Amino acid sequence: MPRFTTSDGLSLFYRDEGEGLPLLCLAGLTRDGRDFDFMAPHLEGVRLIRLDYRGRGQSDRGPHETYQVPVEGRDAIELLDHLGLDKAAVLGTSRGGLIAMVLAATVKDRLLGVALNDIGPEIAETGLEVVKGYLGRTPPQKTLAEVAKRRAELMTGFVGVPESRWLEEAERLFVQTEDGLDLPYDAKLREAVLGGGAQPAPDLWPYFDALAGLPLCALRGENSDLLTPACFAEMQKRRPDMIAVEVMGRGHIPFLDEPEALAALRKWLGMLK
């Protein structure tokens with residue numbers, strides 16, 4: 001099982017598959033490297049590296065105060081060091097995209113390019129409230145099948161998603177036990193994210209602007225409640241060279257195996273080779 005030890009002593013799990021251009025995949029807030037399972041079979045010529053953040057998936061739990069974007073960014077760079085990679089492209093989904101922007105502002109020389117999946121420098125309050133509602137809490141449903149059925153009902157921004165996909169999603173969101181469903185991440189992540197109380201959100205536009213000069217791709221779910229059309233438009237205004245694609249019939253977050261998502265990612269990867 002591939003693992004490495006961080007500078008503060010945690011053992012983190014990662015996946016390293018394929019050959020070619022190194023593509024470091026960074027998942028959403030509560031998710032892990034399996035976030036990219038749907039995309040993985042469709043990209044050729046890349047070395048797909050997927051990190052389970054501290055406290056998520058198969059990685060060690062740590063002090064909840066270390067579940068922060070800058071620390072997770074440091075872990076990502078330490079993984080590249082462990083693998084002997086000077087540079088890598090970064091595909092960041094939601095939280096992973098925030099990490100990518102921080103890396104651009106701090107260690108830009110380690111990045112070949114960045115792709116952002118349904119995330120930008122402004123995070124809509126509507127989407128944040130949804131996150132606060134489920135973060136660190138087990139669901140009332142008792143089986144993965146029940147979760148899949150409920151998600152099919154709740155995720156109204158997603159159109160034409162088969163029942164089998166919602167079940168695959170449920171298998172990545174929760175762990176089935178004899179007593180019901182458990183979380184595949186440290187529940188104390190809730191304290192880390194919400195512990196700041198009513199502190200104002202930082203201005204993230206300087207971090208987006210730090211991506212200047214790097215090949216950039218941004219995907220937005222057509223019905224996303226986290227990345228607004230206005231923010232997406234401003235991103236394109238600031239980076240007219242950015243590959244910008246709205247994924248139809250998707251909310252937060254696109255699965256990344258949609259034809260338009262794959263076409264955008266392939267075009268972006270082609271700019272890096």
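This is a predicted model: local features need pLDDT of at least 70, side-chain atom pairs count only at pLDDT 80 or more; totals for chains, interfaces and linings use all residues.

**Sheet.** I traced the strand order first. Eight strands make an open sheet, running β1-β2-β4-β3-β5-β6-β9-β10, and the pairing is mixed. Which strands sit at the edges? I found β1 (3–5) and β10 (243–247) there, each pairing on one side only. I also looked up the twist, which averages 20° from one strand to the next.

Strand β9 (residues 216–221) pairs with β10 in the parallel sense, over five bridges. I picked Arg220 to follow across, and its bridge partner in β10 is Glu246. Then I checked what covers these strands. Helix α8 (residues 229–238) lies across β6 (111–117), β9 and β10. Its direction is at about 165° to β9.

**α1 and α2.** Next I turned to helix pairs. The axes of α1 (residues 69–83) and α2 (residues 95–106) come within 9 Å and cross at roughly 75°. That falls in the 65 to 115 degree range, so I put α1 down as roughly perpendicular to α2. On the α1 side I listed Val69, Glu72, Gly73 and Ile77; they meet Arg95, Leu98, Ile99, Val102 and Leu103 in α2. By type, I have six nonpolar, one polar and two charged residues in this contact.

**α4 and α5.** How are α4 and α5 oriented to each other? Helix α4 (residues 144–154) packs against α5 (residues 163–173) at about 120°, with the axes 8 Å apart. The two are therefore oblique to each other. I noted the crossing as right-handed. From α4, the contact uses Leu144, Ala145, Val147, Ala148, Arg151 and Ala152. From α5, I wrote down Trp166, Leu167, Glu169, Ala170, Glu171 and Leu173. Nine of the contact residues are nonpolar, none is polar and three are charged.

**Aromatics.** Last entry. I searched the whole structure and got six aromatic pairs. I looked into Phe38 with Phe255: the ring centres are 5.8 Å apart and the planes stand at 85°, so I logged the pair as edge-to-face. Where in the chain do Phe38 and Phe255 lie? Phe38 is in the loop between β3 (21–26) and β4 (46–51), while Phe255 is in the loop between β10 and α9 (259–272). The pair thus links distant parts of the chain, 217 residues apart.

How values were computed
Residues are numbered from 1 along each chain as its sequence is written. Side-chain values use heavy atoms; hydrogens and water are left out. Axes are lines fitted to C-alpha atoms, for helices over the stretch in contact, and angles run from 0 to 180 degrees between N-to-C directions. Helices (H or I, at least four residues) and strands (E, at least two) are DSSP runs, numbered from the N terminus. Angles under 35 degrees count as roughly parallel, over 145 as roughly antiparallel, 65 to 115 as roughly perpendicular and the rest as oblique. A crossing is left-handed if the near helix is turned anticlockwise from the far one by less than a right angle, and right-handed if clockwise. Contact means heavy atoms within 4.5 Å. Ala, Val, Leu, Ile, Met, Phe, Trp, Tyr, Cys and Pro count as nonpolar, Asp, Glu, Lys and Arg as charged, and the others, Gly among them, as polar. Two strands pair if DSSP finds at least two bridges between them. Rings of Phe, Tyr and Trp (its six-membered ring) pair if their centres lie within 6.5 Å; planes under 30 degrees apart count as stacked, over 60 as edge-to-face and the rest as tilted.
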